[in-house]
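Here is a short note for a colleague opening this model for the first time. Please keep the structure in view while reading the points.

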Amino acid sequence: MTERVPYREAIALQPAALQACFDAVSKRLEMLDLKPVSIGPTVLLGIGASLYAAVAAAAQMRAQGIRAFALPGTDLYDPSIDAGSAYIAFSASGRSEEPARAMELRPNAHSYGIAKADGTPISRVVKHMVATDSGADSGPNTTSYLGSLLTAALIADRAGRPSTTNWTEISARAGAVLKTTRAQADKGARLLAAKKSIDCVGAGVAFGTAGYAALLIREAARVAAQDWDTLNFLHGPMEPNDRDSGVLLFGNGREVKLAQDLAGFGIPSVLVTSHADVADADNLVVIHVPAFSDGIGDAILQAIPAQLLIATLSEDAGLPICEFRYRQTDTKRDI
């Protein structure tokens with residue numbers, strides 16, 4: 001078991017965790033046959049935060065020519081469902097019941113596991129294990145989530161069309177984002193403080209980021225939150241929003257105008273974007289994250305200010321430590 005640390009402390013560990021992950025996964029992939037992933041279709045599965053990592057990773061893989069899609073592990077509880085020729089099971093702890101059971105039911109499949117350490121239950125039900133080696137983590141997941149994204153990106157570069165991203169830079173980039181976005185993240189948290197609900201919006205890879213952020217808000221700040229695909233959000237889901245609710249958006253496309261429109265309607269909104277020409281306004285806080293790599297590279301970096309914002313929300317709510325009140329006993333497998 002890897003060490004658990006307080007949420008805010010784990011956020012600060014991420015540059016080192018990403019470097020350790022890059023080193024470990026790059027070495028592991030030199031020995032791994034990814035042809036089944038290349039051929040596809042490839043099913044990426046998870047639960048909780050790992051499901052949102054799978055959503056982001058599947059979008060990135062499709063962009064690199066891999067036929068890939070994400071499913072909750074529970075969608076594969078029927079062993080007769082032949083959803084793909086390869087499966088990648090995401091589980092930050094390596095102990096999540098649902099992806100492990102889905103893989104257990106498919107003992108002959110081309111299967112891969114992604115978790116922060118080897119020797120976990122997920123490693124016993126897949127053919128190939130990729131440990132992220134991301135180290136100490138928090139509740140809610142921080143380093144393990146970004147480690148899962150980076151691992152998926154490195155797999156996509158080997159199994160699909162190379163992205164030409166210089167992944168050796170990711171640790172330094174993360175360190176810079178931690179420093180440069182902290183003030184705006186705190187400002188965004190003040191804007192979203194005491195809201196009855198917060199919608200999280202993004203498209204493609206950023207739809208996974210939106211899901212992850214919504215889960216963090218629910219777990220760490222205990223505020224009702226929901227993730228939405230950007231264009232889907234326009235088709236009715238935004239109707240309940242008013243000054244007593246908030247919206248957290250990720251992206252550089254339709255999200256920019258949407259954030260400005262929402263703010264104009266009097267709806268508190270926070271936009272995480274690489275567009276440097278978008279400015280704060282009434283009811284709008286903009287967190288600029290310099291572009292690094294379209295898709296999952298930017299998603300890794302854009303998750304960091306969201307984590308910082310949510311850490312402030314949780315601390316201001318008197319919840320500096322995330323302790324589940326309603327933890328269930330059948331969600332994790334024993335080591």
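**Pockets, helix pairs and loops**

1. Start with the second largest pocket. Helix H9 and helix H12 (296-316) each supply at least two residues of its lining. H12 gives the most, with three residues. Bear in mind throughout that this is a predicted model.

2. The volume of the second largest pocket is about 200 Å³. Its lining counts 14 residues. Nearest the centre lie Ala 203, Ala 206, Gly 251, Asn 252 and Gly 295. By class, the lining of this pocket has five nonpolar, six polar and three charged residues.

3. Now turn to the largest pocket. About 1,200 Å³ of space lies in it. It is lined by 42 residues, and the closest to its centre are Arg 4, Glu 219, Phe 324, Arg 327 and Lys 332. The lining of the largest pocket divides into 17 nonpolar, 12 polar and 13 charged residues.

4. Which helix gives the most to the lining of the largest pocket? That is H9, with four residues. H4 and H9 (205-221) each supply at least two residues there. H9 also supplies at least two residues to the lining of the second largest pocket.

5. H12 has a helix partner as well. The axes of helix H7 (residues 170-180) and H12 come within 10 Å and cross at roughly 30 degrees. Angles under 35 degrees count as roughly parallel, so H7 is roughly parallel to H12. H7 passes H12 in a right-handed crossing.

6. Look next at the residues where H7 and H12 touch. From H7 come Ile 170, Arg 173, Ala 174, Val 177 and Leu 178. H12 brings Gly 297, Ile 300, Leu 301, Ile 304, Pro 305 and Leu 308. By class, the contact of H7 with H12 has nine nonpolar residues, one polar and one charged.

7. A second pair deserves a look. Helix H4 (residues 49-63) packs with helix H6 (residues 143-159) at an angle of about 25 degrees. Their axes are 9 Å apart. H4 and H6 are therefore roughly parallel to each other. The crossing of H4 past H6 is right-handed.

8. What residues meet between H4 and H6? On the H4 side they are Ala 49, Tyr 52, Ala 53, Ala 56, Ala 57 and Met 61. On the H6 side they are Tyr 145, Ser 148, Leu 149, Ala 152, Ile 155 and Ala 156. The contact of H4 with H6 has 11 nonpolar residues, one polar and no charged ones.

9. Check the loop between strand S5 (128-131) and H6, where Pro 140 lies. A cis peptide bond joins Gly 139 and Pro 140, with omega about 0 degrees. Asp 133 has its place in the loop between S5 and H6 too. Phi of Asp 133 is near 55 degrees, a positive value in a residue other than glycine.

10. One further cis bond needs a note. The peptide bond from Gly 40 to Pro 41 is cis, and its omega is near -5 degrees. Pro 41 is found in the loop between helix H3 (35-39) and strand S1 (42-46).

Conventions: Residues are numbered from 1 along each chain as its sequence is written. This is a predicted model: local features need pLDDT of at least 70, side-chain atom pairs count only at pLDDT 80 or more; totals for chains, interfaces and linings use all residues. Side-chain values use heavy atoms; hydrogens and water are left out. Axes are lines fitted to C-alpha atoms, for helices over the stretch in contact, and angles run from 0 to 180 degrees between N-to-C directions. Angles under 35 degrees count as roughly parallel, over 145 as roughly antiparallel, 65 to 115 as roughly perpendicular and the rest as oblique. A crossing is left-handed if the near helix is turned anticlockwise from the far one by less than a right angle, and right-handed if clockwise. Contact means heavy atoms within 4.5 Å. Ala, Val, Leu, Ile, Met, Phe, Trp, Tyr, Cys and Pro count as nonpolar, Asp, Glu, Lys and Arg as charged, and the others, Gly among them, as polar. On a 1 Å grid over the protein atoms alone, a cavity is a set of points where a 1.4 Å probe fits but cannot get out, and a pocket is an open set with protein on both sides within 12 Å along at least five of seven lines; lining residues have an atom within 4 Å of a point. Grid points are joined across faces, edges and corners, and a volume is the space filled by probe spheres set on the points.
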